[in-house]
Amino acid sequence: MKKVLFFLIIILLSSCSSLYDSTYQKPNLVDTKTSKNTKILHKRLFNTAKKGMAIGHQDATSYGIGWKQEDFPNDIKSDVQDIVGDLPAVFGFDIGRIELGQEVNLDSVSFAFMRKAMIEAHKKGGIITVSWHLDNPTTGGDSWDNTPAVKDIIGNGIHKKKYAFWVKRVADFFKTVEYNGNLVPIVFRPFHEMNGKWFWWGEGNCTSEEYIQLWRETVHLLRDKYKLHSLIYAYSPNKLNPFENYMKYYPGDDYVDILGIDVYDFKNSESFANSMKNGLALIKQIATAKNKLFAFTETGLETIPTENWYSEVLYPAIKDSGVAWVLFWRNHITTHHYMSFKGHSSEEDFKRFKSFSKILFLKDLPNNTQD
Ligand code: BMA
């Protein structure tokens with residue numbers, strides 16, 4: 001009996017430590033009780049960054065130009081796949097309005113569908129990242145209603161209980177995203193672009209201390225109160241203006257797993273290339289010193305009017321950046337889309353972009369050892 005127990009302990013210990021070695025050492029994750037699948041996700045992101053960068057698309061399989069997913073998962077469609085014959089490696093979703101208990105998110109994607117799409121993406125070896133354009137808890141307006149509200153939901157703020165309930169709905173949803181009896185691991189990227197003035201959690205609408213408190217209390221709710229252990233947390237300011245400090249709103253090393261940045265091209269390739277290079281170099285430097293992963297959490301050029309944008313504007317700036325992934329924003333309509341699609345003038349250039357060895361789509365990702 002003693003012998004059996006001894007072997008059992010050895011097996012248990014070796015299965016716990018097998019993820020780590022000299023090239024990939026145990027990271028200090030925000031959630032020390034995080035699930036095995038979440039640890040594996042972190043390791044896969046680490047390995048991905050060694051190989052190149054995973055290409056992501058927001059709402060990749062939910063809808064695209066001229067279509068909305070119907071017969072899912074029998075017939076998975078994606079604008080990316082229609083062009084290059086492979087799905088993106090990273091699947092972006094947004095859970096805005098889950099906090100209200102609504103059936104569809106702010107872009108009319110139903111949460112029931114989203115759950116299926118997340119599970120399907122995970123099953124295929126994809127990486128999932130989720131943003132949260134949540135409504136303004138004080139006014140009931142949307143994320144862009146920048147009436148100050150953070151002070152009302154932190155500490156003993158008047159909407160503290162309401163916010164805790166909102167976060168419970170988030171946790172409850174993530175707890176239903178399950179595959180083979182395990183929760184699907186997710187990169188959660190709440191309260192993004194806080195250094196911009198457009199969201200109620202942004203610059204000028206709360207202080208950096210309030211923001212940090214909001215982030216930390218959100219982690220405490222998800223992780224400690226609601227016992228959700230399938231998340232990796234990503235911090236993602238918007239492109240920095242001169243003299244802006246990336247760390248101004250940083251919630252702390254114990255509250256952030258991935259350092260990100262959002263940089264868009266507003267139809268000025270030169271200025272975009274500069275902001276991108278500076279921003280990506282900065283997150284690389286800070287994240288490396290902290291032994292954390294880093295990623296290009298949002299980018300794009302709306303309607304992609306610039307010739308050879310993917311291969312000649314974007315690629316040179318990202319190729320040696322070391323980011324784990326690059327996420328392009330959604331393909332809503334022909335006047336609001338950030339990914340190429342079949343028949344669009346950028347199609348050939350996107351194929352060329354795909355042919356670069358560091359640009360990784362789903363089939364190029366390092367091995368998927370989850371479940
Ligand atoms: C924004 C736009 C909006 C959308 C929001 C959340 O950047 O695309 O139309 O509602 O993201 O996806």
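Of the 371 residues of the chain, 57% count as buried, where buried means under 20% relative accessible area, exposed means over 50%, and partly exposed lies in between (1.4 Å probe, protein chains only). The model is predicted: local features need pLDDT of at least 70, side-chain atom pairs count only at pLDDT 80 or more, and totals for chains, interfaces and linings use all residues. Residues are numbered from 1 along each chain as its sequence is written, and side-chain values use heavy atoms, with hydrogens and water left out.

The overall form comes next. A compact globule of 371 residues would have a radius of gyration near 21 Å, and the value of 20 Å for the chain agrees with this; the radius is taken over C-alpha atoms, and the globule rule is 2.2 Å times the number of residues to the power 0.38. The C-alpha trace spans about 70 × 50 × 45 Å along its principal axes. The chain has ten helices and 15 strands, which are DSSP runs numbered from the N terminus (helices: H or I, at least four residues; strands: E, at least two). Among the contacts in the chain with a separation of 6 or more, 74% come from residues 24 or more positions apart, contact meaning heavy atoms within 4.5 Å.

Aromatic rings provide a second view. Rings of Phe, Tyr and Trp (its six-membered ring) pair if their centres lie within 6.5 Å; planes under 30 degrees apart count as stacked, over 60 as edge-to-face and the rest as tilted. By this rule there are 33 aromatic pairs. In one of them, the ring centres of Trp200 and Trp201 are 5.2 Å apart and the planes stand at 85°, so the pair is edge-to-face. Trp200 and Trp201 are buried. Tyr235 and Tyr246 also form an edge-to-face pair, with 5.4 Å from centre to centre and 85° between the planes. Because Tyr235 lies in strand S9 (residues 231-235) and Tyr246 in the loop between S9 and strand S10 (258-265), this pair ties together parts that are eleven residues apart in sequence. Both Tyr235 and Tyr246 are buried.

The loop between S9 and S10 also holds Phe243. In contrast to the buried tyrosines, Phe243 is exposed, with a relative accessible area of 89%. Its phi is near 70°, a positive value in a residue other than glycine.

Asn195 belongs to the loop between strand S8 (186-189) and helix H7 (208-225). With 11% relative accessibility, Asn195 counts as buried. Leaving aside neighbours within four places in sequence, Asn195 is in contact with Glu203, Pro237, Asn238, Lys239, Leu240, Glu244 and Tyr249. The C-alpha atoms of Asn195 and Ser236 are separated by 9.3 Å, although the two residues are 41 residues apart along the chain.
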